[in-house]
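Please open the model in your viewer and keep the selection panel at hand. The stops below say what to select next and what is there.

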Amino acid sequence: MLRFLVVRTLTGLFVLWVISVAVFVLFFVAPSNVAHTLAGRQATPETIALINHRLGLDRPLWRQYLDFLTNALHGDLGYDYYHQQPVTTIIGQAFPITFSLAIGAAIIWLVLGVYNGVVSATHPRSLRDRSLTVTSLVFYSMPSFVLGLGALYFLYYKLTLSGHTWFPAGGYAPLSEGIGPWTRHLILPWLTIALVSAATYTRLSRASMLDVLGEDYIRTAEAKGLGQRRVTYRHALRSALTPVVTQFGIDLGQLVGGVVITEQIFSLPGLGKTAVNAITQQDLPVIIGIVLVASTAVVLANILVDLCYAFLDPRVRLT
Amino acid sequence: MALLEVEDLRVSFPTDDGVVQAVRGVSFQVDRGETLGLVGESGSGKSVATQTITGLTRGADVHGRAVFDGRDLLQATASELREVRGPGIGMIFQDPLTSLHPAYRVGWQIEEMIRAHQAVSRAQSRRRAVEMLGLVGIPHAAERVDDYPHQFSGGMRQRVMIAMAMALDPSLLIADEPTTALDVTVQAQVLQVMQRLQSDFGTAIIMITHDLGVVAEMADRVAVMYAGRLMERAPRRDAFYRPHHPYTEGLFDSLPTRGGQRLTPIVGTPPSLIHPPSGCPFHPRCRYAFDACATDVPALEPVDGNPAHVSACWLSHDSSLRERLRRAMKAASSS
Ligand SMILES: Nc1ncnc2c1ncn2[C@@H]1O[C@H](COP(=O)(O)OP(=O)(O)OP(=O)(O)O)[C@@H](O)[C@H]1O
Ligand SMILES: [Mg+2]
């Protein structure tokens, strides 16, 4: 187990390093005009050179990268080009928003998807099963931006017009302002991400549960005189979760994409929105910082997923 | 009164191809402490019949009565059935490799069953689990109790299943081909374990098997099933030495004998259960069949007036006449 953790951490660090190099190289392959943007349209070549010098952009690429790496290892990700704010501060402000969004959405989609899948599988061909299947199909084939814009139009715009301001138009309220405002701001973004994915998980866990329910050891559990709930959740779901967890590991990367789009739609000033702004402004330190944070999150989450995997199936535990 | 009395049990499964009539009117009884051997070819409905008694056949149409300890289990509610499963009737299944949950320790799986039925502490249920594992002959039971199923061999897993099925001291054990998946030497050991526990606990056993050797070793009485029907029911000696039904005779003829007689397997294939043959279901494969067999269903009638030995066949129920017929048939087929 320990060995596994050490190996995974080392490979994770290696992946992060490769990503940082890749972002650096990609950024400098495209011609930079940060200085032009900063200096304005009438800038003289001298001003441009001065700005480039101040930002360190005139030094050789490898030098810039090395400086970045040394600082990063000391927990300093540099300053953004435009306001000279520490990148760590920018990320520190945006991270809780994205984290709340991603975790909440993932929990909703897992619980909703798996629960619906279990209900479908334990009542096959029932009305519930059929309506859940149809609902899943609808959401499954819906792009998340359509769902998000639709939610905004009907649940914010139409509702507010008719005098029920249940949901805000967007923006964020930190948890320190209370759980109520926080939830009210996040519920539509959560659902936007979660419903699309939940549909996949309903289908997946339904199929997986149906497989497991036919296993001999489920019959054994019933022959032991256990209650139906215990058989369904303790015995069947326990095994049926393995493919769900695998799928979740794969979907984590996609979650990042969903977060970027959703933050745009609901004007949530999280990492996604910040990154999009930084890219349009070619604000390299911010881009690298966010990419690194996002990658770290995905790598960590994948290690967690693998730990879950080992927990679920004792046969993989010793490797 | 018998411990279990099954009367006219009928089980069918509606499927896309038609209604599968897996069990078509089966009656038998099991007394306390005795062993009933239930034999028959694959697909004859042995598993379905016995699993229906404890309500384990999902999606089946069930008719008849199965009175266990004075209560008809086919009319019982879900929670009444749960009370019977375990403390009343223990079950062992054919494939020990897949019958234990792969994600839980074997001890936990036994303890879970004990705690589902008895208000005992964790320590008590654990002690019982270790004790049971020891009783079925698992070496170092106190340590192995925390191992996972994949850390045991097939024979050892079947012992775990037996330990689990017997942990609540049930009055009836249904063993569905408990040794079919095991090596011959392991088979003998597992059977020994079952016999020992049976004499210690006084458990009645329904032993389902293809293997007439197992029947010879364990069973007090034998019931023979074919295509969802009971063809013959007899005390062990009668089943072996005076089988009445041609199907029973065929089963025993296909046994290798010590005298080096050649094997005569039953020709033909088992019939469809969606469109079962008219009359006696065995008549298309029966070498004694005559007109009546194809049109009328024979009832279980006593052989030589002995109510303990019944056979559903149109041939004479006088065993000396039946034996003469058998000899004649044998002479004809060997010439
Ligand atoms: N759930 C089900 N749906 C449809 N048909 C079924 C179902 N369960 C069993 N059957 C059919 O019922 C018949 C009897 O099956 P059963 O398992 O009782 O046979 P068996 O005598 O135990 O055979 P074996 O010795 O191979 O275990 C078989 O033809 C089987 O295909
Ligand atoms: Mg069977």
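The tour goes from a sheet to a pair of helices and then to the cavities.

This is a predicted model, in which local features need pLDDT of at least 70 and side-chain atom pairs count only at pLDDT 80 or more, while totals for chains, interfaces and linings use all residues. Residues are numbered from 1 along each chain as its sequence is written, chains are lettered from A in the order in which they are written, and side-chain values use heavy atoms, with hydrogens and water left out.

**The sheet of chain B**

Select the strands of chain B that form an open sheet of 8 strands with mixed pairing, in the order β6-β7-β8-β3-β9-β10-β12-β11. Strands here are DSSP runs of E with at least two residues, helices are runs of H or I with at least four, and both are numbered from the N terminus; two strands pair if DSSP finds at least two bridges between them. At the edges are β6 and β11 (301-303) of chain B, each of which pairs on one side only. Now zoom in on β11(B), which is joined by 3 bridges to the antiparallel strand β12 (residues 306-311) of chain B; there B:Val303 has B:Asn306 as its bridge partner.

**Two helices of chain A**

Move to chain A and select α5 (residues 87-122) and α8 (residues 179-213), whose axes come within 5 Å and cross at roughly 35°.

**The cavities**

A search of the whole structure finds 3 cavities of 30 Å³ or more; a cavity is a set of points on a 1 Å grid over the protein atoms alone where a 1.4 Å probe fits but cannot get out, and lining residues have an atom within 4 Å of a point. A volume is the space filled by probe spheres set on the points, which are joined across faces, edges and corners.

The largest cavity holds about 70 Å³. Select B:Pro246, B:Cys280, B:Cys286, B:Cys293 and B:Cys313, the closest to its centre of the 13 lining residues.

Finally, go to the second largest cavity, of about 60 Å³, whose lining includes A:Thr220, A:Lys224, B:Gly90 and B:Met161. Helix α6(B) gives the most to this lining, with 3 residues.

Notes: On a 1 Å grid over the protein atoms alone, a cavity is a set of points where a 1.4 Å probe fits but cannot get out, and a pocket is an open set with protein on both sides within 12 Å along at least five of seven lines; lining residues have an atom within 4 Å of a point. Axes are lines fitted to C-alpha atoms, for helices over the stretch in contact, and angles run from 0 to 180 degrees between N-to-C directions.
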